[in-house]
Amino acid sequence: MANNMFKGLGIALVTPFKQDGTIDYDALKRLVEYQTDNGADFLCILGTTSEAPCLDREEKEEIKRFVVDLNRGRLPILMGCGGNNTRAVIQELKSIDLQGIDGILSVCPYYNKPSQEGLYQHFRQIAENSALPLVLYNVPGRTGINMQAETTVRLANDCSNIIAIKEAAGSLEQVDEIIKNKPEHFEVLSGDDALAFPMIASGASGVISVIGNALPKEFSRMIRLEFNGEYEPARKIHHRFTELYSLLFVDGNPAGVKALLHEMGFIENELRLPLVPTRVATVQKMAAILKELRI
């Protein structure tokens, strides 16, 4: 039975780009070191926040190898590998070099909108063909389909190497159903920064965070306080972030956090089409909040 090593603050790493559109590895190094030194518990690469749909296979391989070599085993690494073609996902898992990777994050199939039985069979096939532990990713706002709590628990019971779910359906009721009925080895991670506080209070084991790219020290403190049962000081930190949570996503992800990181001097404010930079008015509001948050 595989154990979940992805607990606490996970960072959904952005992919920094130079003004010419190429990957900025110097900026990526700065980000990884900054997050590692300031409270991150694990890294999540090649997920939604990395603009993975706009990276080609060679770029994904380069990013994976770069982060693995830079990390030097300091933090667990979770890597995105999913899609809406079950056979293609399995083929990719069998063909790529997974050295230095500790687990696979696999999103629910998007666009073709399978039934709950289809979701179950999709993930069961992937789990049976994965050499690494699997973290499910339920994000109906992006995929067009919600994996119900019953299906998640069924997978957790039937597949010993499915160790967790990144739950981003926005339903605390669904989170409670999973936590109440799940097997002991299986855990829930928040896929939504704004719901990290209530989800952890309900029994989630951590978060895969966007805001953590920019403010890992502050966000990880909130999580650690909750783990220690210190809910009142944790709640105060959560409320300090309330407006920023919405601003980061109002113009799409990762446009918001890239603008924030640019304001902090970490990266260029560059994205790949069809994504574009967040609006100036949004940046100004985030900059004002950042000034208040940073000490």
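Student: Is Thr49 buried or exposed?
Tutor: Thr49 is buried, as its relative accessible area is 4%. Buried stands for under 20% relative accessible area, exposed for over 50%, and partly exposed for what lies in between (1.4 Å probe, protein chains only). Please note that this is a predicted model, in which local features need pLDDT of at least 70 and side-chain atom pairs count only at pLDDT 80 or more, while totals for chains, interfaces and linings use all residues. Residues are numbered from 1 along each chain as its sequence is written, and side-chain values use heavy atoms, with hydrogens and water left out.

Student: Where is Thr49 found?
Tutor: Thr49 sits in the loop between strand 2 (42–45) and helix 2 (57–71). Helices (H or I, at least four residues) and strands (E, at least two) are DSSP runs, numbered from the N terminus.

Student: Which residues does UniProt list for "binding site"?
Tutor: The unreviewed UniProt entry lists Thr49 and Ile208 under that name. UniProt positions are given in the numbering used here, feature names are shortened, and annotations may be inferred rather than shown by experiment.

Student: Why do they gather at one spot?
Tutor: They span 160 residues in sequence, but no two of their C-alpha atoms are more than 10.4 Å apart, so they gather at one spot. Thr49 and Ile208 also belong to the lining of the second largest pocket. On a 1 Å grid over the protein atoms alone, a pocket is an open set of points with protein on both sides within 12 Å along at least five of seven lines, and lining residues have an atom within 4 Å of a point.

Student: And what about Ile208, buried or exposed?
Tutor: Ile208 is buried, at 2% relative accessibility, and its place is in strand 8 (residues 206–209).

Student: What does Thr49 contact?
Tutor: Leaving aside neighbours within four places in sequence, the contacts of Thr49 include Ala12, Val210, Asn253 and Pro254. Contact means heavy atoms within 4.5 Å.

Student: New topic: which bond joins Asn253 and Pro254?
Tutor: A cis peptide bond joins them, with omega about 10°. Pro254 lies in the loop between helix 11 (242–249) and helix 12 (255–263). Leu273 and Pro274 are also joined by a cis peptide bond, with omega about 20°.

Notes
1 Å grid on protein atoms, 1.4 Å probe; cavity = no way out; pocket = protein on both sides within 12 Å on 5 of 7 lines; lining within 4 Å.
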